[in-house]
Structure formats: C-alpha cells, structure tokens
Amino acid sequence: NYDLTLALYELTVESAYLSGDFSESQRWAEILLQNAQIILDKVKAYEIQLLACVAQKKSLEAIALGQQTLAQLGIAISTTPTDADIQQAWQETADLIPQAKIPSLLDLPLMTDAHALAALRILNSMAATVYLAQPKLLPLIVLLQVKLSLLHGNAPVSAGAYARYSFILCGKINDVEAGYAFGCLALKLAEQFNHKEISTRVLLMVGALTLPWKVHLREGIPLLQAAYLDGLASGTLDGAALSHFYESQSSYLVGQELQELVGKVATHSEQIRQIKQELHLNNNELLRQVVLNLTGQSKNPCKLVGEAFDEAKMLPLFHSSSNIFGLYCLNLHKLMLCYWFGEHEAAVEYATSTTHYLGGSTAQATVPLLYFYDSLARLAQYASASASEQHFILTQVADNQTKIKDWANHAPMNFQHKFDLVQAEQHSRLGQKADAIEFYDRAIAGAKAHGYIQEEALANELAAKFYLAWGKEKIAQAYLTDAYYGYAHWGAKAKVQDLARRYPRLLA
C-alpha cells in the first residue's frame, strides 16, 4: 500500500524532527527517499531535512539541499547570482504585477500545479535561512516565489512570498508604499487561507520587517506574539523561534523598561532552547547580554561578556555557522554601547565593521540605527579631527542623513527624532548655536512624543554637553537632570552610573 506507507513515513520523519531527534528524523528520511517513486513524493522529506539543518545551524547545508531539490523539480537557482541576474528577475516579476492593483492579487485563482506547489514549499523553507546566511541569494528566492504565484495562482505559501516581497521592496528597493501594500495583501491572504504554518511566517515578516517602515515599531509586536503561537501550533519551530527573537528586538528598540525586558528576553531564550532552535537562540542571547550590560550586570558595559553571551567565544561560531545576521547584530550593538559609554573611536570602528554585514539585515528596523549612531560617533570626534578628516565626517554624515530623512518621510514616528538629533550635533560642531538649540529640542520632543525614552534621554544628554561647552552651566544642568531621569526610567543603571561619574557636581 504505497500511499499509506508514504504518508506514515512522512509523519514519522516530521515527528522525529519536531521532537528534536534529528538523527532519527534523518534515518527515516533516507528510507523514504530510497523508496519514493517520484520527486513529488520526496519533497516533504527533503523539506524536513532542510529544516533540521537550519535547527542545527547548518545553514549552507540547508541551502544546498534546497537547491538540489529545486533542481529535481526543474528549477535551477545560481549559487552566486550576479547583479544582472537579480535585475532581470526583478523586471520579469514586475512586468507580471498589475500597476496600482496590488490588492487585486487576492483574487487570483487557486494554484493547482503540483510541481509549482512543491517548489513554493521548498523555496518557503529556504527563505529564512537564505536571509540569515546567504543574503545575496534572497531576492532570487523571493522573486521566484512571487512569479510562480502570479503565473499559477495563489497557494497558502503565496502569502509568505508576498510578505517577503513586501519587506524587500521596503528595505532594498526603497519603495515603501508598494511594500506596505504587499504586506497588507500577505496578511489578508494568510487570514483567507487560515493556515497556521504560513501565517507564522507572514505575521513575523510583516510585523518585524514591513510595518516599521510605515507605522510605529510597536504596532508589529502583537503580530510577532501571534506568530509565535501559530508557529508552536503548526510545528513551524524555526518561525516560532524567530518570532520570539524579533519580539525581543522590537521591545528593546521601542524603549521597554529594561528590568521588565530582561525577564521577557530570558523567557524567550528558554522557550527557544526548548524547541531546539540554536541559531535563533544565539541571536536572542546576544540581545539579552546587551540588556544585562545596560542594567549594570557586567564589569565593562562595552564588552558583551556575561551570563548570556561571551563575544570572544561566539564570534568564531557566528563565522563558522555563516550567521551573517548575528555578525551584523553583534557589531551594531558594540557600536551603540561604545558610543553611549564614550568610546567614540571604537564606536566608529564597529560602525565600519557593521556595514560589512549589511547584506544580512535587509529591512531590519535596526538598519537606521547603524546610520544614526555612525553619524553621532563621527561627529563626537569632529573637534579633534584634521581639516581633511572633518570634511570626510561631514560627507559621511550627509550621506547617512539622506537615508534617515527618506525613512522619516514615510515613518516620522520612528525616524524623525533621530534625524533631528544628528542635525543638532552637526550644527553644534559647526558653531551654529541657534540651529543646534532648535534641533536638540525637536529631537527631545519627537522622541518623547513617540515613546523612545532611550533616545529622549540621549538627546537631553547631548544637549547638556552642548550647553556645557558653551559655558551655560545652569541650562546644561536642567538637560542633564532630564537625561539622568530618562535613563533611570528606562532602567539603564550602567548609564545612570556613568553620568553620575562624569558629572558628579552637576548631578549632586
């Protein structure tokens, strides 16, 4: 009884994977693959093998397995696509999309082609790993999914394809309006199919990677919480783990009180550990260590060494497992910590390092922070720089500001106060005091209005330094006091102690 036996073996392979027994899952998969008669009967086993590789941090092995499976389905994907390959794929896909009629894609017929459905599933399972480990390949993976859907009709997996297309439009093509429209389309299609495995990925992608470019970052958090529950319910364990990480990251970025946050992130780590998703666990533990540093639970707040994470041990592991996104996060957090605690030269070095891993951070809400803190760190060195170095700093800052201003045009609640604070610092360095005063106050008001307490505190601190340098000690004291209480309210004990050490008389 071939059909029954095939179904039983598929379920056995999947059950072993879901319970974390990867060697047993592999053993049953090999038997299935030896006896399955056609490629379509092998797809489920290949898909689970791929996911098991992901769970064990074998990212490149997972991607290679996906490519081999697609080749058997008649779809060849280059391992090293050129810019021309990607541009051609963009154009072919764009030509199939009716202009200004993105919502109408909801009405496409159902996909019935078995080979197209199988290819969509494999591409869907590959996509998250490609994003993290081989980002150059991501556009081809996503464009192929969208193209298959446009040509053959919608399947549940198409919702995931549209969600990925949405954040690439936002993060790479800088077409935020079209990206947001595709994000909304993905959410509606996922709801229409009511398929928890697919909705896991759609909710996490739209919540973490699409919405922040159009609405307040906190609005994505409920989607991420729902994605985690759908991921557990459907056995989409990598999606559940990634949703937890993104919720941790978004909560940190919007300024959640750090003592509350450290408990949330620790709980997330434990739950990710239980479902044996080590790649996402490492990234979540990195963030937990950042929060522990800020709350004063490390000897040196600029070194990520403590109960959650040890940068000296983890850096080679991130390299060996091709965790490009992890390397991006590690360097970015080091940049921010070094800047906050006055190590400006090191901060600039980490900013440069972070740019090397930008390919693994497409549409991340942390990308504007790279340009924001890069500008602040460079401007902090402006006074001691040579004339040629000063010219370079101002050029770099202008480039960064162009990007942040464009993002602020679409989502001012997330980015305008960041733009204003850099403008204030630039005016300060150039001796343009009236403009500096206006932009410091704009930055403080904007950050406060939208709940970014850590950036409100930072803007107050920098304004205080500006007035101190000008000799206006009484005004500086008022801003410094606001900074002190802002950091205290955020829960950043290490930063509060740092201010008290640097300005004991003003904060007495």
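Reply: Tyr485 counts as exposed, at 55% relative accessibility. Exposed means over 50% relative accessible area, buried under 20%, and partly exposed in between, with a 1.4 Å probe on protein chains only. This is a predicted model, so local features need pLDDT of at least 70 and side-chain atom pairs pLDDT 80 or more, while totals for chains, interfaces and linings use all residues. Residues are numbered from 1 along each chain as its sequence is written, and side-chain values use heavy atoms, without hydrogens or water.

Tyr485 sits in helix 23, residues 473-490. Helices are DSSP runs of H or I with at least four residues, strands are E runs with at least two, and both are numbered from the N terminus. Tyr485 and Gln256 are 229 residues apart along the chain, and 15 Å separates their C-alpha atoms.

Next, Gly255. Gly255 belongs to the loop that joins helix 12 (237-253) and helix 13 (258-274). Gly255 is buried, at 12% relative accessible area. Leaving out residues up to four places away in sequence, Gly255 touches Ile453, Gln454 and Trp490. A contact is heavy atoms within 4.5 Å. Gly255 and Glu349 lie 94 residues apart in sequence, with 25 Å between their C-alpha atoms.

Trp340, Tyr252, Tyr373 and Leu458 have the most contacts inside the largest nonpolar core, a set of 191 residues. Its largest share, 13 residues, comes from helix 16 (residues 324-340). Such a core is made of buried Ala, Val, Leu, Ile, Met, Phe, Trp, Tyr and Cys residues joined through side-chain atoms within 4.5 Å. In soluble globular proteins, nonpolar side chains tend to be buried together.

Now the cysteines. Cys338 is buried, at a relative accessible area of 2%. Its sulfur is 4.3 Å from the closest cysteine sulfur, in Cys302, which is too far for a bond. A disulfide requires a pair of cysteine sulfur atoms within 2.5 Å. The structure holds zero disulfides. Cys170 is in none, and the nearest cysteine sulfur, that of Cys184, is 10.0 Å away. Cys170 is buried too, with a relative accessible area of 1%.

Last, the largest pocket. A pocket is found on a 1 Å grid over the protein atoms alone: it is an open set of points where a 1.4 Å probe fits, with protein on both sides within 12 Å along at least five of seven lines, and lining residues have an atom within 4 Å of a point. There are 17 lining residues, and Gly171, Lys172, Val367, Tyr371 and Trp407 lie nearest the centre. Helix 8 (156-173), helix 18 (367-380) and helix 19 (387-410) are the elements that give two or more residues to this lining. Helix 19 gives the largest share, four residues. By class, the lining has seven nonpolar, seven polar and three charged residues. Here Ala, Val, Leu, Ile, Met, Phe, Trp, Tyr, Cys and Pro count as nonpolar, Asp, Glu, Lys and Arg as charged, and the others, Gly among them, as polar.
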